[in-house]
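Welcome! Take a moment to look over the sequence and the model, and then we will walk through them together.

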Amino acid sequence: MSSADRIVVIAGPTAAGKTEIAIRVAEAVSGDIVSCDSMQIYKYMDIGSAKPTPEERARAKHYLVDEIDPSDEFSVAKYQRLAKSYIRKILDEDRVPIVEGGTGLYLNSLLFDMDFPGEGKNKKFRDDLFQEAKLFGNMFVYDKLKAIDPEAAERIHPNNLIRVVKALEAASTGSSMGDFNKFKPTGDYETLMFCVTRDRDELYDRINRRVDIMVEAGLFDEVRGLLERGMTEDDISMKGIGYKEVLAYFDGVYSYEEAIERIKLNTRHLAKRQEAWFKRYSDMVWINLSETPMEDAVDKIVWQIRQK
């Protein structure tokens, strides 16, 4: 495999510092960034998704950020097609593709052969899931979703069977998390994989402070603006952390303070699940920014890129 087929992966839990690391690496190696984030793809959802700022995007070209209307349905299969096309574009321009983000299922779609059923197979796929729910209960099917796409499971109630089945259909991997190591690598790319993290207490403190900053920056107004655009709680994009809690506040489910605390709690839970996901990659190089200064972390990644 030629070096032209190499991609760099910078993964990790939310709020660990992936964005800054990826931008600095991109600046050092003539790279462009392909986002691997299930919320930053959406337009108009800037604050709650912790989207890179215009200034940050001016420092490095970003793909799959701010591209999809939040009213449009988006699936792993669509992500795979778009991300691979952008990676090809970056390689053809003789630049380094840097896949950055925390959505593990999106990353899997680039690295492993995953079965995305066509329309002819979808009906049987759905029917089998509904039959399983009838035989074994809704939680049996919901547990499949938690294993395959924990972020989607976080947004959906276990008893909302139709939405659970739709989410499983969108993921459409044909495997469970327990089969993670049985996925066959695509062989499309030579990968250098890094996971940026921090000590748990520091990471959770960063999450809490970032949520406070989001609220100060106008998160509640951002959600109100999305509602004015016609978005509702039924849209998948509005079920992301930070958005669903504010919607619940508007519906009177939470007080203002409770909504903010719930965002912090759910984000901390997400970070824990993300770390567990990335630990399953045997070739992942872990970088703890609580122990390693960011400049040294960037130097380490850049050095390894240049050795290949």
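Which helices and strands each supply at least two residues of the lining of the largest pocket? They are helix H1 (18-29), helix H2 (54-59), S4, helix H7 (150-155), helix H9 (200-217) and helix H12 (256-278). Helices (H or I, at least four residues) and strands (E, at least two) are DSSP runs, numbered from the N terminus.

Before going further, please keep in mind that this is a predicted model, in which local features need pLDDT of at least 70, side-chain atom pairs count only at pLDDT 80 or more, and totals for chains, interfaces and linings use all residues. Residues are numbered from 1 along each chain as its sequence is written, and side-chain values use heavy atoms, with hydrogens and water left out.

**The pocket**

Rolling a probe the size of a water molecule over the atoms shows where empty space is left. Here a pocket is an open set of points on a 1 Å grid over the protein atoms alone, where a 1.4 Å probe fits and protein lies on both sides within 12 Å along at least five of seven lines; lining residues have an atom within 4 Å of a point. The largest pocket has a volume of about 1000 Å³, where volume is the space filled by probe spheres set on the points, and grid points are joined across faces, edges and corners. Of the 46 residues lining the largest pocket, Thr-14, Ser-49, Ala-50, Arg-210 and Met-214 are the closest to its centre. H9 gives the most to this lining, with eight residues.

**The sheet**

Now look for an open sheet of six strands: its order is S3-S2-S4-S1-S5-S6, and the pairing is parallel. Two strands pair if DSSP finds at least two bridges between them. Strand S3 (62-63) and strand S6 (284-288) stand at the edges with a single partner strand each, so one side of each is left without a neighbour in the sheet.

Strand S1 (residues 6-11) pairs with S4 in the parallel sense over four bridges, and six bridges join S1 to S5, which also run parallel. You can follow these links residue by residue: the bridge partner of Val-8 in S4 is Ile-98, Val-9 stands opposite Val-99 in S4, and the partner of Val-9 in S5 is Met-193.

How many residues of S1 are buried? Six of its six residues are, where buried means under 20% relative accessible area, exposed over 50%, and partly exposed in between (1.4 Å probe, protein chains only). In a regular strand the side chains alternate between the two faces of the sheet. In S1, Arg-6, Val-8 and Ile-10 point one way, while Ile-7, Val-9 and Ala-11 point the other way.

Helices lie across the strands too. H3 lies across S1, S2, S3 and S4, running at about 180° to S2. Helix H4 (residues 104-111) lies across S1, S4 and strand S5 (190-197), at about 165° to S5. For these angles, axes are lines fitted to C-alpha atoms, for helices over the stretch in contact (heavy atoms within 4.5 Å), and angles run from 0 to 180 degrees between N-to-C directions.

**Salt bridges**

A salt bridge is a side-chain nitrogen of Lys or Arg within 4 Å of a carboxyl oxygen of Asp or Glu. A search of the whole structure finds 23 salt bridges. Here are some of them:

| Pair | Closest N and O atoms |
|---|---|
| Arg-95 and Asp-32 | 3.0 Å |
| Arg-88 and Asp-92 | 3.2 Å |
| Lys-144 and Glu-132 | 2.8 Å |

Lys-144 lies in helix H6 (residues 138-148) and Glu-132 in helix H5 (residues 119-136), so the pair ties together parts that are 12 residues apart in sequence. Lys-144 is partly exposed, with a relative accessible area of 29%. Salt bridges that share partners also join Glu-20, Arg-24, Glu-27, Arg-59 and Glu-295 into one network.

Arg-88 and Asp-92 both lie in helix H3, four residues apart, about one turn of the helix. Arg-88 is partly exposed at 38% relative accessibility, whereas Asp-92 is exposed at 56%.
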